[in-house]
Amino acid sequence: MTIELQPAPMAIEELRAPRLSWVAASGAPQKAYQVKVGKQVSLAGGSLVWDSGRVDSGRSTSVAYAGPRLAPQTRYWWAVRTWSGSRPGPWSKVAEFGTAVKDSWKAEPIWAPGHETPAWADYTVKTKIFLIERAVGLVFRAEDVDNSYVWRFQADNRLVPVKRVRGRDVQLTPVDLPAGTIRTNKQIDVEITVSGPSITTKINDDVVSQLTDSAFPTGVVGVATGSGEWGFLRDISVVDTDGTTLTTGFTGDKQVFSCGTQMTGIFWVQKDNRCLVTGVAADWAFLRGDVRLANKPIVAATLYASGRSTVPSRQYVFRAYVNGRQVGVGPVPQFHSDNFYGAWDVTGLMREGAVNTVAAQAYTTQDQRFLAQLVVTYSDGQKQVFGTGRGWRALDGVGVYPPARGTGSWYYGSPREDLQASEYPWGFDEPGFDDASWQRADVKPALASPAPIAQQSQNIQVQDKAPQSVRKIGTGHYIIDFGRSWIGGLDLTLNGTAGQQVDVRLGEETDGPDAVRYNLRTTNAYRDVWTLKDGPQRLTHWGYRVFRYAELIGAPDDLTTADIRAAALVYPYDETEASFSSSNADLDQVWGFVRNSVQGLRFDLPYDSATRERTADNAGDTYNITSASDVLTSDRSWDRLGHEWSLDNPSPITEWRLATVLASRDHWLQTGDERSMRRSYDTLKSNLPEQFLNADGLVEKDVTVFGGANNTGNWRDLVDWPQADREGYEFTRVNTTVNAWSYAAFDAMSQIASALGNRADAEKYRTIATRMRAAINSKLWDADKGAFVDGLGSTHTAVQATAYAVAFGVNDDTDAAAAGDYLASRPMACSVFCANFLLKALADTGHTQRAVELMTDDGMRSWKHMMDLGAGATMEAWDPSLKSNTSFSHLWASAPVISTARDIFGISPTQAGYSRFRVLVRPGGLDHASITVPTVKGPIASSFTHDDRGRIRLAVQIPGNTTATVYVPLDADTPKGFVPAHPSAAAYQGRSKVAGAEFATFTVPSGSWTFGPGATHTISR
């Protein structure tokens, strides 16, 4: 049972008509249902909020609640029963859910007080700025991040001086510089001297600006960038007029600025960063508040919590605790200015009639705010609300985590955690902790623009994962292998000596037999030094890393496997929901490797990788990742959040913009819930390349290549990635790959418009797609080669052009066999991303066996090669030689999980919400195989075997409230008119020809059925 696609959510935003779903019993179809919703688990008496009564309907997914508007920050319970005959079935188990806070926030955001800003007065700042995009700002005479001067060095060849007063920027007189002074990918030498009210600026030793302003007579230095602005600094120095060096260099172990990423000699300033030298702001904060609850029965308690800002570190801001128990991390990264909050059921942690503690350990370098509200509901219906505010206590965590170089990449900065165990406030999250030495928390401005909204997906869970092996290689020196990769950190139980230092190194791969590669290829540095206290202690990372391996140096000499755990941060999954096995052991191994990757590395959003970039604006990655997730779990709320994040954070890559349209259509087909694509309708339309249609109906535009020629603008063609996997693709104004994606997007947009009742748009986009398909075949197909050329005017036939075109159904039926033969003759000649489409194209042209061969190959471009390299998850590229900064945690390489369900078993919805679906089995040379795919209607299961005469026996399990079209494969020599043995409930529809193969086609109701030799009416699972 789910509400708003989530099982037992604690903060649904939709209060008028939330959507309910349940899995109907297999067998006779549902004829009617009855739903009850109430404020107590009994669903009776005065607590009953809504009773639908009997509703004659077969719907069991996306059923709208039709009772009174639900109250905010309130717990509800609900149950359903159905009719398949004249009598109702039993009531379901009672499920619960909670509602969003809306405008009922009583809490105020807080943070730990900062430090007094050093009174630097007259000094000279010297640095070298290398601009990558748009601008980099140098901050000086900063009282704090909201009051300072900011000199912006811009790619439009201007110096724009800004005075920032109480968080608002006031532009001073801009300077137009001599031609070529500042541009992207060029280094400039910058020198700013402040002396009293005089400010002199030099670029490359030339004075370019002299201003007088007395707003800020003293203050420190820092950096600032806005959206889409980034670059790096080299060799900074700040020298007082008396010759005293105030700060210098990027070579030491201490981080100069509190945000960004410091590497040897270089300081990366990522997008949307604003910070000062370390030690001014309280970047680490311990926060706690106590509340005494009434001495009466508690029926529900919910903790709502949010924070800002996730931008600098691209990770959560807090870990929240209640009465000594960690309850969660958050928030989900912001959508532009949106503030998300999480909600956790903490009923079981409450102490009636006693003091209860809510606490957080938090970190961020920008816009530091933590917001929490505990709502306790008693059995008499009364509520008690307790939130962050003036009564809370705070501790600056700088003594626990001294400033040090970070663990981030050039895309974001995250903190190194050189934990000082003797300084850690042990027990701060429990009642009775002595916080007398702490300060009163600073109250910050409200999160009001816009008001916080609840995260509409499940919460991340913290799970302990045991190591696969622990190997001691010397005194206090251990190598740990967890067998697969996790997001999170290390959790160590130690018996230490005061001052003893443990060097903690994590990595995605090893560096020889006795070391872990903690300096990742992605430029992250996963090394922390933990200084122990006397006696037993349990230490863990606060932030997250991605790792399979760990190395400990200087640890106590008596560690065992029981003392070492991965504190994994996992999006919830049920390992039993999905399964696959076959007669091919290599295929089973590959499928398990990919499944573990997706299940283990799904996080709050479908990131391209949680190592280097930590971003979900790569909609192509998201498309592959969520397609794999849909095979492995029935939860579709995570997919929805990821797709909407991609729409809110548009990519400049052409194919990624088009992928958002396919993803929105597919989400509707998976769930039957049209609301997400309705909300995003105008954005989806804007992602179509309609403005580029030429007279032939093809997309024609300037050649802009992502990572290549003219890499600018919002429509940069990718084709494939990394560049080494493009197979020499020739980019032209009319690009075959771009047109294939465009055809698919226009076709999907026609389906979206039709589902939303927009007939005019549906017809318009259908016409564009039909015309485009015909033009691609007439203009870009090379009949002699049996393949599509790369583009108009090209004679080159890279595998991508044909793979995408065939996978999206562009090719004429008459050319399908030739296209399939061409693809089958090729090796794995494209990337791990493109492989998903290549496998589909092979299956769709009758070459499923070749698809299986590619999935189980052991050459360099294979999933088995990834495993041979020791990867704990799927990789960004087939091999580091193809991309030197490749991550070993890229879920866009999930094709085998997708392909087994889609291509071998042919399971896909044909009506929204799986009301109808197909099972089209193409064995691909396998003697036997079985699969279970979870859906919103319940699990779909199928298996096949062959008897000693080679005849196939096919079994299917069809969930309740669904109908399937089952395609039973026939041998080429099967006599005309032959109908395989089948259950009487299966309606024979005749023969179908798919990709040159013959199938006997049946319409099958809910139930478990077999076809072929020895078929019976039912089978056991």
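A: Start with the buried residues of α8: D761, A762, Y765, I768, A769, M772, A775, I776, N777 and L780. Buried means under 20% relative accessible area; exposed means over 50%, and partly exposed is in between (1.4 Å probe, protein chains only). The model is predicted, so local features need pLDDT of at least 70, side-chain atom pairs count only at pLDDT 80 or more, and totals for chains, interfaces and linings use all residues. Residues are numbered from 1 along each chain as its sequence is written, and side-chain values use heavy atoms, with hydrogens and water left out.

What do the buried residues of α8 pack against? They pack against α6 (681-686), α7 (736-755), β46 (781-782) and β47 (787-788). Contact means heavy atoms within 4.5 Å. Helices (H or I, at least four residues) and strands (E, at least two) are DSSP runs, numbered from the N terminus.

Now the length. α8 covers residues 759-780, which is 22 residues. From its first C-alpha to its last it reaches 31 Å, close to the 32 Å expected at 1.5 Å a residue. The expected span is 1.5 Å times one less than the number of residues.

Next, the helix pair. Two packed helices are described by the angle between their axes and the distance between the axes. Helix α2 (residues 619-632) and helix α4 (residues 654-671) pack at about 20°, with axes 8 Å apart. Axes are lines fitted to C-alpha atoms, for helices over the stretch in contact, and angles run from 0 to 180 degrees between N-to-C directions. α2 and α4 are therefore roughly parallel to each other. That label covers angles under 35 degrees; over 145 is roughly antiparallel, 65 to 115 roughly perpendicular, and the rest oblique. On the α2 side, A619, G620, D621, Y623 and D630 make the contact. On the α4 side, the residues are W656, A659, T660, L662, A663, D666 and Q670.

Last, the backbone. Most residues other than glycine have a negative phi, and most peptide bonds are trans. L5 has a positive phi of about 70° although it is not a glycine. L5 sits in the loop between β1 (2-3) and β2 (19-21). L5 is buried, at 11% relative accessible area. The peptide bond joining W721 and P722 is cis, with omega about 5°. P722 is in the loop between α6 and α7, and those two helices also pack against buried residues of α8.
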